[in-house]
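Hi,

Here is the model I promised to pass on.

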Amino acid sequence: MSIEAKASTSGYILTFKSRKDKTTAGEEIMIEGKDGRNYYSYDVGTEYAIYEREKGERGKVKMIVRIEECYATVSEEEIYSLSYQRGKQSGRLSDMTLLELERYFEATFAEELSAGQEVEFPLLAKEAKWYFNARKKRRKEEREAADKILIGIPEKDKSGKIKRDDKGNVIYEGGIAEYRKILRTQERLETAIAHRIAARQDTTDVSERYRAVVEARKEIICTQGISLSLFRQEEICPICGNKGVDEEGHVCCCAEKISEEIKRFCAGERLRQWYAERWATEEAAGGGTADSGEVHESLPNEKARIGSGT
């Protein structure tokens, strides 16, 4: 995604340039819209005039074609289904890839007659990986921040070795002493329960103490405004292992179930990047600062329209 800054009487108007990605075959796929989401390069319902070719130039209108449907292959390649109208005769054309469609329009001097409706592209494998990686990173950072509040940071000597007290316990900077004590007690009770179960011994008394310790730990966590969900074991997808894609690199079914959440996240991140670049571009352009209302229609879905002169 790139940005252009143009001078205006009220500062600078930033123009959002949509970005096309490349497939492994080098074919361009999808358009990035002003909402940060990915769309097919051509809209469903758009009609085009197809001209005859006479001595390498545009002749008379041969027929009208209409994009009826667009879909993506497993490899995320755009495919378009087209219908045609030639006088009273109508029918279907063979489905075309994006590259084939663009070559067809170029060869027939196609001209757009009426606009259609843009269609959002299916969830991409790279978006699924982006989301799951970000979620894993965010969870790790949130847990580390929570532990810093609850446990504290281990103190180290000049050699970098962690300091311990006379009992061998780690010395912490900050944190909550009572929480650290409860945590150690919980770990000892977990070991005791495990050993008793293995020895087929009664665990009633130890289990009761364990439940009391767990409740005390939860109370401290909640008192600090920290979510208990950070301490629960995250459910792991057996297919992708919470990576968002399977072994073949395709979007996993677990990601498909939350596709809207993933798309919303990715769109927000793209727009966040755009705004971050926007201010840097304004500064480089001369230090002008457009107010928040200056975005205008600076975020168009800049699709190349056949016959529009763009």
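**What turned up**

Contacts (heavy atoms within 4.5 Å) come first: among those in the protein chain with a separation of 6 or more, 56% join residues 24 or more positions apart. Before the rest, please keep in mind that this is a predicted model, in which local features need pLDDT of at least 70 and side-chain atom pairs count only at pLDDT 80 or more, while totals for chains, interfaces and linings use all residues. Residues are numbered from 1 along each chain as its sequence is written, and side-chain values use heavy atoms, with hydrogens and water left out.

**Overall**

The protein chain has 6 helices and 14 strands; these are DSSP runs numbered from the N terminus, with helices being H or I of at least four residues and strands E of at least two. Of its 310 residues, 35% are buried. Buried here means under 20% relative accessible area, exposed over 50%, and partly exposed in between, with a 1.4 Å probe and protein chains only.

**Cores**

A nonpolar core is a set of buried Ala, Val, Leu, Ile, Met, Phe, Trp, Tyr and Cys residues joined through side-chain atoms within 4.5 Å. The largest one has 20 residues, and Tyr-42, Val-65, Tyr-80, Leu-101, Tyr-104 and Phe-105 have the most contacts inside it. At least two residues of this core come from each of β7 (47-54), β8 (57-72), β9 (78-86) and α1 (98-107). Another core, of 15 residues, lies apart from it and includes Leu-123, Ala-125, Cys-254 and Ile-262.

**Pocket and cavity**

Both were found on a 1 Å grid over the protein atoms alone: a cavity is a set of points where a 1.4 Å probe fits but cannot get out, a pocket is an open set with protein on both sides within 12 Å along at least five of seven lines, and lining residues have an atom within 4 Å of a point. Grid points are joined across faces, edges and corners, and a volume is the space filled by probe spheres set on the points.

The largest pocket has a volume of about 250 Å³. It is lined by 15 residues, of which Thr-73, Val-74, Ser-75, Glu-76 and His-250 are the closest to its centre.

There is 1 cavity of 30 Å³ or more, and the largest cavity holds about 40 Å³ of space. Its lining includes Gly-36, Arg-37, Glu-120, Phe-121, Lys-263 and Arg-270. Helix α6 (residues 259-285) gives the largest share of that lining, 3 residues.

- Gln-186 sits in helix α3 (residues 177-198) and is buried, at a relative accessible area of 8%. Leaving out residues up to four places away in sequence, Gln-186 touches Tyr-210, Val-213, Val-214 and Arg-217.
- Ile-258 is in the loop between α5 (253-257) and α6, and its 22% relative accessibility makes it partly exposed. Beyond its neighbours within four places in sequence, Ile-258 contacts Tyr-131, Phe-132 and Arg-135.
- Val-170 belongs to the loop between β13 (153-154) and β14 (172-173). Its C-alpha is 10.0 Å from that of Arg-180, 10 residues away in sequence.

Cheers
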